[in-house]
Amino acid sequence: MESQALSQIEIPREQLMERVVALCKRRGFVYQSSEIYGGLNAVYDYGPYGVAMRRNIRNLWWRHVVELRDDVVGLEASILMNPEVWRASGHLANFTDPMADCLGECKKRWREDHLDDRTRCPECGGRLSPARQFNLMFKTFIGPVEEDANVVYLRPETAQGMFVDFKNVVNSMRVKVPFGIAQQGRAFRNEISPGNFIFRLREFEQMEMEFFCRPGTDEEWHRHWLAERQRWYVEVLGIAPERLRLRPHEKEELSHYSKATSDIEYDFPFGWGELEGVANRTDFDLGAHQKQSGQDLSYLDAESGERFLPYVIEPAAGVDRIMITALVDAYREESVRGETRVVLGLHPNLAPVQVAVLPLSKKESLIGCARDVQSLLRRRFRVEYDQTGGNIGRRYRRQDEIGTPYCVTVDFESLEDHAVTIRERDSMEQERVSIEALVGRLEERLD
Ligand code: GAP
């Protein structure tokens, strides 16, 4: 039996990120991409538990933004699109960041608007060049000839898919304004200063929804989505509300398409950072595509007979940022009888494994019983079975580190009394429950 006497260890804020990064690698959440070749800057791979957690994030977003509503439908557009899309959307002209080169010793490149002192290199103190605008879109070529006429871009946001397919969705589905189109998928940005682990990447995943509404109702819908998205982080993902804030953009900070944007930010160890932007994109995109393509993208309101270009409210989130937020928010260390216990206190909705089944020994009779318990539970929960060597305490610690809310231990008495022990991650308290009542009891606890 583990002692209940545990006390939380204070982690210096500047060390928290480092510890989370180490855990991610040690426990199979995140690896550097192509690590055996020295990696690739700002590109990461997700290991088995990372994949499971990302799937949970995506599924929970899809459930709450699409499935639990009557007014949002899904879309999967391609990563490659006709380059005219990016001309119309303004990305070719405006999707730039100011880049300054160090003229001193280190020759590093910096995003000028991220620097406190824009005249001196933060690394070596050398002089900085005047800033040049640098377009963040990755270019490639379609077909065998690498010439200007064949240039295509890797999409820097998933959003444009929803605008260029707007007419298709209206004509093929029985949707009526107000309604939304949602999409999850990869996006690419040639960031000048990526970093902070998986916070700012060059290849990442977005979850975006374009909500089309009648002009004049846009501000009300903007408020609706701001409230709804904040609720999701707190109630569905279990993120600490005191570490979240809403930050409206200043006028000069607004994207070229936006009338108003507020970011949902998290208090990371490296400062406040954007998790999600909720923007009022007005009719900018539909208007721009209508002009560029020469196609009528207006919407006909069948009841009033009115034709108009809908306004758009866009909640735009990043899977990778939500993942690092959930990991940082959940990471803690505790002292238990003089030993350090690392715990990921993840919400059960997010935990890669919800229940671990652990036979106390490798005796055949016990393994048989534990496998039966595993089959019973896996119909309902995300289950992992672990009979590897090592004492039970070590196996509990491993599950604590990957955020498993419950362990179910099968021991020799289980063979006699048909009962098992549920061990809770956070309190480490144990409860004996009959195998017959096990699913119901775990359901109660997990829900
Ligand atoms: N369609 C609007 C749009 O793309 P954005 O604020 O540039 O807006 C939306 O991006 C979200 O995508 C961000 O809040 C963030 O979660 C994620 N994101 C953007 N750039 C990213 C990057 N370089 N690495 C990881 N996630 C990123």
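Guide: By class, the shell around the ligand is made up of 10 charged, 8 nonpolar and 3 polar residues. The model under discussion is a predicted one. Of the 21 residues around the ligand, those that come nearest are Glu157, Arg189, Leu201, Glu208 and Glu274.

Two of these residues may be considered through their side chains. In the side chain of Glu208, an N or O atom is 2.4 Å from a nitrogen atom of the ligand. Glu274 has a polar side-chain atom that lies 2.6 Å from an oxygen atom of the ligand. With Leu275, it is the backbone that matters here: one of its N or O backbone atoms lies 2.9 Å from an oxygen atom of the ligand. On its own, the ligand has 560 Å² of accessible area, and the protein covers 92% of that area.

At least two residues each are supplied by strand 11, which spans 203-213, by strand 14, which spans 271-282, and by strand 17, which spans 311-318. Strand 14 provides the largest share of the shell, namely 5 residues.

Helix 10 consists of residues 364-378 and helix 13 of residues 435-446; their axes come within 10 Å and cross at roughly 40°. The two helices, helix 10 and helix 13, are therefore oblique to each other. The crossing in which helix 10 passes helix 13 is right-handed.

How values were computed: Residues are numbered from 1 along each chain as its sequence is written. This is a predicted model: local features need pLDDT of at least 70, side-chain atom pairs count only at pLDDT 80 or more; totals for chains, interfaces and linings use all residues. Side-chain values use heavy atoms; hydrogens and water are left out. A residue is near a molecule or strand if one of its heavy atoms lies within 4 Å of it. A polar contact is a pair of N or O atoms within 3.5 Å; within protein, one must be able to donate a hydrogen and the other to accept it, and residues adjacent in sequence count only if both atoms are side-chain atoms. Accessible areas come from the Shrake-Rupley method with a 1.4 Å probe; for residues, only the protein chains shown count as cover. Helices (H or I, at least four residues) and strands (E, at least two) are DSSP runs, numbered from the N terminus. Ala, Val, Leu, Ile, Met, Phe, Trp, Tyr, Cys and Pro count as nonpolar, Asp, Glu, Lys and Arg as charged, and the others, Gly among them, as polar. Axes are lines fitted to C-alpha atoms, for helices over the stretch in contact, and angles run from 0 to 180 degrees between N-to-C directions. Angles under 35 degrees count as roughly parallel, over 145 as roughly antiparallel, 65 to 115 as roughly perpendicular and the rest as oblique. A crossing is left-handed if the near helix is turned anticlockwise from the far one by less than a right angle, and right-handed if clockwise.
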